[in-house]
Amino acid sequence: MPKLVKIIIYPIKSLDGVAVNQATILPGGALQHDRELAIADEKGKIVNAKRTAKIHLVRSRFDLQNRTVSLQVMGTKKQLFQLDEEQKGIEGWFSDFFGFQVKLQENLFTGFPDDLNSPGPTVVSTATLIEVASWFPDLSLEQIRDRFRANIEIDDVPPFWEDQLFAEKGEILPFRIGDVLLKGTNPCQRCPVPTRDAFTGEAYPNFQKIFVDKRQETLPEWANLSQFNHFYRLTVNTQIPPSEAGKILKLGDVVHRL
């Protein structure tokens, strides 16, 4: 029976994730604390891993209960900051790191999702990540998980099971995790980030070509082809209606297609 086995949130966009046992749904349809902060330059443009591979060198460790983050680049001392009260200090740390002035932006309604039309959590199955890892013999399951950065992981299903959670292009497909209603919209279009090592930023040779060839070769019969103008897509983008605000996703919740 499909069940929720992993929830990962990313409090600062493009930094390390935090595995949690449960997550509350925000009124805007995002998971609480997921990408609630983003780094931006003086013109307001987001500074993320799409823009610069350098950000992969930053290690961040979050304590959500105490609202702290420790930041470190290899070879330097960790610095601890309070997320709510020391944002100026965090901005200064990143300004020094990047070599230009940055500010933190905050959005407690939807966070800063890549797909503005689908700010809900991204969904993948454990079996999918295992299958993708098999395409790259020198990459582990955890490395693949770090590259694709899905919020929700489903187990007890075959590879690419999540491709059943979207319909024709332009349509939405409802499903439930526990008592939370979600709507699958489309398979997520990937960017350069999965091609790089999540800790060094080093690019994997021919990653995208290998991925595209294998994704097309293994596309399950239940995947809706209208959503694949290309095959560099993995994980499912979602929306969560306002009616679900305040509900909680928990590890062990059963997933039901409606």
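**Close-up views of a predicted model**

**View 1. Lining of the largest cavity.** By class, this lining has six nonpolar, one polar and three charged residues, where Ala, Val, Leu, Ile, Met, Phe, Trp, Tyr, Cys and Pro count as nonpolar, Asp, Glu, Lys and Arg as charged, and the others, Gly among them, as polar. This is a predicted model, in which local features need pLDDT of at least 70 and side-chain atom pairs count only at pLDDT 80 or more, while totals for chains, interfaces and linings use all residues. Residues are numbered from 1 along each chain as its sequence is written, and side-chain values use heavy atoms, with hydrogens and water left out. A cavity is a set of points, on a 1 Å grid over the protein atoms alone, where a 1.4 Å probe fits but cannot get out, and lining residues have an atom within 4 Å of a point. About 50 Å³ of space lies in the largest cavity, and among its lining residues are Lys6, Arg145 and Glu153.

**View 2. Packing of helices H2 and H3.** Helix H2 (residues 126–134) packs against H3 at an angle of about 110°, their axes being 9 Å apart; the two are therefore roughly perpendicular (65 to 115 degrees). The contact (heavy atoms within 4.5 Å) involves residues including Leu129 of H2 and Phe148 of H3.

**View 3. Aromatic pair Trp135 and Phe160.** The rings of Trp135 and Phe160 are stacked, at 6.2 Å centre to centre and 25° between the planes, given that paired ring centres lie within 6.5 Å and stacked planes are under 30 degrees apart. Trp135 lies in the loop between H2 and H3, and Phe160, 25 residues apart from it, in the loop between S10 and strand S11 (173–177).

How values were computed: On a 1 Å grid over the protein atoms alone, a cavity is a set of points where a 1.4 Å probe fits but cannot get out, and a pocket is an open set with protein on both sides within 12 Å along at least five of seven lines; lining residues have an atom within 4 Å of a point. Grid points are joined across faces, edges and corners, and a volume is the space filled by probe spheres set on the points. Axes are lines fitted to C-alpha atoms, for helices over the stretch in contact, and angles run from 0 to 180 degrees between N-to-C directions. Helices (H or I, at least four residues) and strands (E, at least two) are DSSP runs, numbered from the N terminus. Angles under 35 degrees count as roughly parallel, over 145 as roughly antiparallel, 65 to 115 as roughly perpendicular and the rest as oblique. Rings of Phe, Tyr and Trp (its six-membered ring) pair if their centres lie within 6.5 Å; planes under 30 degrees apart count as stacked, over 60 as edge-to-face and the rest as tilted.
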